Amino acid sequence: MRLEGGCYCGQVRYIAEGEPTLKAQCHCRECQYITGGAPNMFMLMPLDGFHYSKGTPKQFIRSDLDQPVTREFCAECGTHLATRRPGLPAVVVKVGTLDDPSRFGAPQMAIYTIDRQDFHQIPEGLPEFERLPKR
Ligand SMILES: [Zn+2]
Ligand SMILES: [Zn+2]
């Protein structure tokens, strides 16, 4: 599939090509900051199929962690677009930044439910993991 998306103000745009290797919702505390409190809906898209077609996002990397992720967001409007994890050959794309978020379809699992809030919804029957599923 070929997905296009961008930030709220339009200064940063991306294209993500290939098949998603995972579609999920993440309940972790970090995602709660970024979403506004709800679980974060994301797709893992192949690294080599992802590129920015307009603008350059600002990157944020925590300095206090051993293996920090890189979070990419628009410096103008603040929209968080994507995350890169060391060693992962995929980009974590935030579904809300797709031009057509309905192409997400549905999550395949809920992860980091250890940080789940009582008001978080998990669809009935969806596999749940306290952290990440075993590989
Ligand atoms: Zn923007
Ligand atoms: Zn998360």
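The points below take up the metal site, the pocket and the nonpolar cores.

1. The model is a predicted one, and the remarks that follow should be read accordingly.

2. Three cysteines supply the protein donors of the zinc ion (ligand 2): Cys 26, Cys 28 and Cys 31, each through SG, at 2.1 to 2.3 Å. Along the sequence these donor residues follow the spacing C-x1-C-x2-C. Cys 26 counts as buried because its relative accessibility is 5%, under the 20% limit. Cys 28, at 10% relative accessibility, is likewise counted as buried.

3. The largest pocket holds about 800 Å³ of space. Its lining comprises 31 residues, and those nearest the centre are Val 69, Arg 85, Ile 111, Tyr 112 and Leu 132. Two or more lining residues come from each of strand E3 (22-26), helix H1 (29-35), strand E4 (40-46), strand E9 (90-94) and strand E10 (109-111). E4 gives the largest share, four residues. Sorted by class, the lining has 20 nonpolar, seven charged and four polar residues.

4. The largest nonpolar core contains 17 residues, with Tyr 14, Met 43, Phe 50, Tyr 52, Leu 81, Val 93 and Leu 98 making the most contacts inside it. Strand E2 (13-17), E4, strand E5 (50-54), strand E8 (80-84) and E9 each give two or more residues to this core. Beyond its neighbours within four places in sequence, Leu 98 is in contact with Leu 3, Glu 4, Gly 5, Tyr 14, Met 43 and Val 93.

Notes
Residues are numbered from 1 along each chain as its sequence is written. Chains are lettered from A and ligands numbered from 1 in the order in which they are written. This is a predicted model: local features need pLDDT of at least 70, side-chain atom pairs count only at pLDDT 80 or more; totals for chains, interfaces and linings use all residues. Side-chain values use heavy atoms; hydrogens and water are left out. Donors are N, O and S atoms within 2.8 Å of the metal (3.2 Å for Na, K and Ca); water is not among the atoms, so sites may look incomplete. Buried means under 20% relative accessible area, exposed over 50%, partly exposed in between (1.4 Å probe, protein chains only). On a 1 Å grid over the protein atoms alone, a cavity is a set of points where a 1.4 Å probe fits but cannot get out, and a pocket is an open set with protein on both sides within 12 Å along at least five of seven lines; lining residues have an atom within 4 Å of a point. Grid points are joined across faces, edges and corners, and a volume is the space filled by probe spheres set on the points. Ala, Val, Leu, Ile, Met, Phe, Trp, Tyr, Cys and Pro count as nonpolar, Asp, Glu, Lys and Arg as charged, and the others, Gly among them, as polar. A nonpolar core is a set of buried Ala, Val, Leu, Ile, Met, Phe, Trp, Tyr and Cys residues joined through side-chain atoms within 4.5 Å. Contact means heavy atoms within 4.5 Å.
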